[in-house]
Amino acid sequence: MKKILPLLFIIIFSPSLLAESGLPKGIIKITPRIAPALSLENMDGEKFTLKTNSSHWSFVHFWASWCGPCRKEMPAIQKLIQAMSKDKLKFFIVNTAESEDTIFSFLGAVAPDINTLLDRDGLTTEKWKPRGLPSTYLVDPAGQIQYVVIGGQEWQKPQYSQFLRQLPINNKVN
Amino acid sequence: MKLPLNPYKRLLIYNHADTRMQAQQLISVISNSGYSRLMKTLYANSLVLRALLLVTILFSSVQSVAATTKHVIENPSIKMVIIPRSAEQMAAFYEGREFPANAIATTREACFFTIGIHNKTNDILWLDTQQWYLNNKNSTISLISKEQWKQRWGKINLPQRFQSTFRWTLLPEQLDFQPGEREGGNITIARQHDPFNLVATFNTAADKKGTPIRLEFKNLRCAEDTEQ
């Protein structure tokens, strides 16, 4: 028994197993699929493109000011972005089809440090086919969607940043 | 994503953004009341008018709460909520999103109901609005599909961004609700005055072969505008 215990400990607390067996609330592992194209400008006119064959995971989030859960979730996402500023995770925060005035007033009130990407005509969002708004995807370095996140989450909680930090860069997500 | 500028700080130099922000926040607050148009007309830079506005908001909020009929069915497997929305409420919502007048007029031809669904099971719950049956004493009633809305928007050349916003405010027509998942959105039917029933059936389990869940809502009605 004494020989088995350390082995059990290693198995149970292995980081790779933690990711799959103990996903934070709302995160669902899916059968990987290629992420649709995403190339949008932010509020300063700078273009951001989701790349395949990159060296990092991407956090792709769709939102709109009229969606109640988005209002609640956006401050938590702002905190997550700040908490992970030194990590290799790229954030693509995408507003769906709203005017800059609306976005400015909304973000100014709830998450002033977020500089969102603008899906001006909503067509990028259409391609991603989210379940609803808000919707979040975790895309691996090869450009495959590995996880979807259902509904608004409390991203400021440490279990989310811990989970995001241990995502494998070599793409081998089981 | 890097965060090169603080957009909120930039509001200070954004063209009219500060004033418009206040206006939009007010519109947002009142979007569920039946007085949006009156509110928007009243909005001006005078403090007196702003005070009047606030009083009216409080008054209309109380009224709209009293007028709204919320239908709820909850059991250990599911919670489903239906809230009828008046034409004026929907117009206020879409006006707040800068929809053009002809699009607002089009929405007035339909009755809107906001639906909320919570899968309380530990298994998949399948939403498929083709398994929803609506009928009044005389006939069956069809939901207006997303495709039908797309055709309506095509006829008036509604810009894509408004079509997209509208689409995302509708309830998905099909969805595999994950355990614990909550989603919502509007369903729409042709505007009518008679009460009707709605029977919603949900398949369950990953293979859809679990015991179906059947919910029946009776005596639903389109919400009328308060001024009518």
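1. Let's start inside: the largest cavity has a volume of about 50 Å³. A cavity here is a set of points on a 1 Å grid over the protein atoms alone where a 1.4 Å probe fits but cannot get out. Grid points are joined across faces, edges and corners, and a volume is the space filled by probe spheres set on the points. By this rule there are 2 cavities of 30 Å³ or more.

2. Before going on, keep in mind that this is a predicted model, where local features need pLDDT of at least 70 and side-chain atom pairs count only at pLDDT 80 or more, while totals for chains, interfaces and linings use all residues. Residues are numbered from 1 along each chain as its sequence is written, chains are lettered from A and ligands numbered from 1 in the order in which they are written, and side-chain values use heavy atoms, with hydrogens and water left out.

3. Which residues line the largest cavity? From chain A come Ala97(A), Glu98(A), Ser99(A) and Thr102(A), and from chain B come Arg97(B), Glu98(B), Phe99(B), Arg161(B), Phe162(B) and Thr165(B). A lining residue has an atom within 4 Å of a point. Helix 8 (residues 160-168) of chain B gives the most to this lining, with 3 residues; helices (H or I, at least four residues) and strands (E, at least two) are DSSP runs, numbered from the N terminus. By type, the lining of the largest cavity has 3 nonpolar, 3 polar and 4 charged residues. Ala, Val, Leu, Ile, Met, Phe, Trp, Tyr, Cys and Pro count as nonpolar, Asp, Glu, Lys and Arg as charged, and the others, Gly among them, as polar.

4. Now for a pocket, meaning an open set with protein on both sides within 12 Å along at least five of seven lines. The second largest pocket has a volume of about 340 Å³. Strand 5 (132-135) and strand 8 (182-190) of chain B are the elements that give two or more residues to its lining. Of the 19 lining residues, Thr129(B), Gln130(B), Leu143(B), Ser145(B) and Glu173(B) lie nearest the centre of the pocket. The lining of this pocket splits into 9 nonpolar, 7 polar and 3 charged residues.

5. Over all chains there are 2 disulfides, each a pair of cysteine sulfur atoms within 2.5 Å. In chain A, Cys67(A) and Cys70(A) are linked with their sulfur atoms 2.0 Å apart.

6. In chain B, Cys111(B) is joined to Cys222(B), S to S 1.9 Å. Why does this pair tie together parts that are 111 residues apart in sequence? Because Cys111(B) lies in strand 3 (residues 110-119) of chain B and Cys222(B) in the segment after strand 10 (213-220) of chain B. Both Cys111(B) and Cys222(B) are buried.

7. Finally, have a look at strand 7 (residues 135-139) of chain A, where 5 of 5 residues are buried. Ser135(A), Tyr137(A) and Val139(A) point one way, and Thr136(A) and Leu138(A) the other way. Strand 7 of chain A runs antiparallel to strand 4 (residues 57-63) of chain A, with 5 bridges, and Ser135(A) is the bridge partner of Phe62(A). Strand 8 (residues 144-150) of chain A is also joined to strand 7 of chain A by 5 bridges, again antiparallel. Two strands pair if DSSP finds at least two bridges between them.

How values were computed
Buried means under 20% relative accessible area, exposed over 50%, partly exposed in between (1.4 Å probe, protein chains only).
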